[in-house]
There are 2 protein chains.
Amino acid sequence: MEIRSLFFDVFGTVVDWRGGIAREAKALLAPLGYDLDWFAFADAWRSEYQPGMEEVRAGRIPFSKLDVLHWHNLDRIRPRFGLQGLSEENCRRLNLAWHRLDGWTDSAEGLRRLRTRFWLAPVSNGNISLMVDLARRNDFAWDAILGAEVAGDYKPKPEVYNAACAAFDLPPEQCMMVAAHSSDLAAAAALGLRTAHIARPNEYGPGKGESGPSVPVDFAAADLVDLARQIV
Amino acid sequence: MEIRSLFFDVFGTVVDWRGGIAREAKALLAPLGYDLDWFAFADAWRSEYQPGMEEVRAGRIPFSKLDVLHWHNLDRIRPRFGLQGLSEENCRRLNLAWHRLDGWTDSAEGLRRLRTRFWLAPVSNGNISLMVDLARRNDFAWDAILGAEVAGDYKPKPEVYNAACAAFDLPPEQCMMVAAHSSDLAAAAALGLRTAHIARPNEYGPGKGESGPSVPVDFAAADLVDLARQIV
């Protein structure tokens, strides 16, 4: 069966969340007199990501969009970084740092080339407005924004991948999940989707990312331009 | 409050469903030996549109995407046009005629100009895959595809407009519904959205369309390029 559509993980795969959060936090907080280890702050905020979503996935809280979870996660880490006194307005601004992340250098060009042959959609845990902001900032052209908010649950729950295939009227075999995370690809493959791994060896800091898949995949690529070279 | 986002009705407002369905039906059926009044066929198919959706809106059947309703509506009108003998495969092809409609001549350019200032999304009763096909065919660049399939109900139910505002994290006052149908605009205005009417005087045939709004609106435009001239 011919692949018709590509679904993208976004945080880490298409955009560099670590560098972006460190930069945006510094831009907002340094003028207010704060001096943190900005990368440690980014890592701490991101480390609350899975536990926050797990509350939703396990059904302990109703679905809330990722902006809301980020807000609660920020609350949780603020004391560790001496940010207890940050005003609500500044917390709100800081929370929008996730809307101002930059793509990896290959992302815009890779997506542009891939879109000449395939339908493209983010199938991210990020909410719709967050995806729109990232797309406008980085010149990503998506055919639709799918993912957690459309499905009402978070990856790696099967509903999220299944809802994306259904929105495009395609069987899983004609959809390919593209991610820098083997766990995301394993969940997609279990449902019948094809899979492509993108190497992001520095996602969590120098040498701290997946330089290759740890599960069987259909394609493994150095970056999104390399994936386009292989499949367009 | 500044308008941040524009929501578009699509059938009739952005694309010419009547000309497109007549053309596509003829292209498929004439070579099979059928000779219908192609415009009458388009009108008949479209006339089943509201009754089909009303089954969902009234809760008598679960939400089904518009492609499915179009399929049932086609079944309903086939006897009237001597199409009882059409194979299932050809019915399936004919049903996809709705995915191959052309924009009005001003649509692509108008949307391009409007997108320089506003977030744009279809808030149509058409399903996501249908919107993607129309966007690719006509070079419409949407920021996201919202509307009935995302909301799980059909316009003019309030849920559809409210879900669109919520997806963009905007209060209704910062969203504007753009449509060639006063009823659509009235429903949006009742929820607090701003409204723009687009004249499509020939939507249902020469002189059979709204040349102006029959309800109070914030803007009335001759076409989408004219709307851009007024608000960009």
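Chain B and chain A bury about 1600 Å² between them, 51% of it on carbon and sulfur atoms; buried area is the accessible area (1.4 Å probe) lost on putting two parts together, summed over both. The model is predicted, so local features need pLDDT of at least 70 and side-chain atom pairs pLDDT 80 or more, while totals for chains, interfaces and linings use all residues. Residues are numbered from 1 along each chain as its sequence is written, chains are lettered from A in the order in which they are written, and side-chain values use heavy atoms, without hydrogens and water.

**Interface**
- Each chain is represented in the contact (heavy atoms within 4.5 Å): 20 residues come from chain B and 20 residues from chain A.
- Four salt bridges cross the interface of chain B and chain A, a salt bridge being a side-chain nitrogen of Lys or Arg within 4 Å of a carboxyl oxygen of Asp or Glu.
- Lys65(A) forms a salt bridge with Asp169(B), with 2.6 Å between the closest N and O atoms.
- On the side of chain B that touches chain A, helix 7 (128-138) and helix 9 (158-167) of chain B are the elements that give two or more residues; helices are DSSP runs (H or I) of at least four residues and strands runs (E) of at least two.
- Helix 7 of chain B gives the most to that side, with five residues.

**Sheet of chain B**
- Six strands form an open sheet in chain B, in the order 3-2-1-4-5-6 with parallel pairing; two strands pair if DSSP finds at least two bridges between them.
- Strand 3 (146-147) and strand 6 (219-221) of chain B are the edge strands.
- Strand 1 (residues 5-8) and strand 2 (residues 119-124) of chain B run parallel and are joined by four bridges.
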